[in-house]
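Please look over the sequence and the fold below.

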Amino acid sequence: MSPRAGQPGHPPRTLAFVESPVQLLNVLEWAHLHGLRGEDPAPLPSVPAQVRRTVAEDPPRTGAELTVVVLAPTDPMTRGQLRRMADLARDEGHRVRWEEARGGTTAPFSTIGGLAGPLRRADRIVMGDPFSRYVQLLLTITRARDLVVVDDGTATMEFVAQLARGERLVRWHRKGGRPGARDLLFAPVSSSARRRLTPSAGRRVEVFSSMPVTETPEGVTVTANDFVWTRSRFGPPRITKSADLVGTSLVETGVVDGDRYLEAVRNLAKTHGATRYFAHRRESADKLHRLAAETGLEIVRPDLPLELTARRGPIGRTILSFPSTVVHTLPLALRGTGVKVAVCDIDPAWLTDTASPRAQGFLSGVTGTARDVHRLETVGLGLA
């Protein structure tokens, strides 16, 4: 995307909204690709000297201004990862504005009121989650003519498909259910957001993604996220001889039965010699405690997104995963290291009675479209 501005001779004022560590990581990847660097990047103090990389091959500076607004969640693990990612963003010279957007009844009003001015002045809006009600509400305020959606994992695939088909914006694991009272109340805002995310003569829309995009909406520019920033700033990692297993929040979102998930993890670890389990930031403490007790796996709760954690190392020679974003992102982040990513499909028998009718097809699509991964047969379960 060209660094055009609202006023001739001035760089565009870019405002990015993130609610998760992965979203912020992908904002940094997008900014790196487009040359938005603010000040000269500082050395990364949290990274050992032997794995630091130079930035001599970084793109030329455009002078473009980027402010990252963190709409902070309440989950402690997510907040911790976001604070680490915010430090990395500052190291790259970007401004970071931390908003306690969910810190009480009046917090949303205070946050939106405080952001109204910057939103109206912004020439370009970057967002990590177009399904977020917070982001959709903020979109009704901005006059920006450039809108960018960066990856928020597998949800990006569904967003692009829904936009192409002109459907209302609904997260994949909720699709198929009846709209609740809050959905109906918020419907006008959601419809307005979808219209604003539809390209027109006066509005440009870019999707920056490492995920496969099969239905491209007319007028939308799709830019590939190749994790160049991650590979240039971290690693290569030390590789261990064992396997690592990546956790998922499919139990927490009500898609997969907890007992069947635990049995699947146990069988995968036993079959492939996995010793560590990298927990998803949304996995519950009770579930992780049970996993550790019943499988013998070492539970690792990363303080950064897995793409950066794996790139820093140490990491297993084989990474085992269920269908999730990482089966698309880890092969890119770990390109050239020799690490193999293997994915195990979700057996339909593992799904809960309340899972969305679209769950199985969507998860199969996540696996089937992944590149540079090894597909495993679904593990058998010893459950009745």
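Gln162 lies in helix α5, helices being DSSP runs of H or I with at least four residues and strands DSSP runs of E with at least two, both numbered from the N terminus. The model is a predicted one, in which local features need pLDDT of at least 70 and side-chain atom pairs count only at pLDDT 80 or more, while totals for chains, interfaces and linings use all residues. Residues are numbered from 1 along each chain as its sequence is written, and side-chain values use heavy atoms, with hydrogens and water left out.

With a relative accessible area of 0%, Gln162 is buried; the term means under 20% relative accessible area, with exposed over 50% and partly exposed in between (1.4 Å probe, protein chains only). Arg194 is 32 residues from Gln162 in sequence, and their C-alpha atoms are 9.5 Å apart in space. Helix α5 spans residues 155-165 and is mostly covered, with 9 of its 11 residues buried. Among them are Ala155, Met157, Phe159 and Leu163, as well as Glu158. Gly166 follows α5 and has a positive phi, near 70°.

Next come the strands. Strand β9 (residues 274-278) has 4 of its 5 residues buried, and is therefore largely enclosed by the rest of the structure. Strand β8 (residues 239-246) pairs with β9 in the parallel sense over 4 bridges, where pairing requires that DSSP find at least two bridges between two strands. In this pairing Asp244 stands opposite Arg276 of β9. Strand β10 (residues 298-300) also runs parallel to β9, and 3 bridges join the two. Here Tyr277 has Ile299 of β10 as its bridge partner.

β8, helix α8 (residues 258-272) and β9 form a right-handed β-α-β unit; right-handed means that, with the strands pointing away from the viewer, the path from the first strand over the helix to the second runs clockwise. A right-handed β-α-β unit is also made by β9, helix α9 (residues 285-295) and β10.

Ser321 belongs to strand β11 (residues 315-321). Is this serine buried or exposed? Ser321 counts as buried because its relative accessibility is 2%. Its side chain makes a polar contact of 3.5 Å with that of Ser324. Such a contact is a pair of N or O atoms within 3.5 Å; within protein, one must be able to donate a hydrogen and the other to accept it, and residues adjacent in sequence count only if both atoms are side-chain atoms. Neighbours within four places in sequence aside, Ser321 is in contact (heavy atoms within 4.5 Å) with Val246, Val326, Val327, Ala342, Val343 and Cys344.
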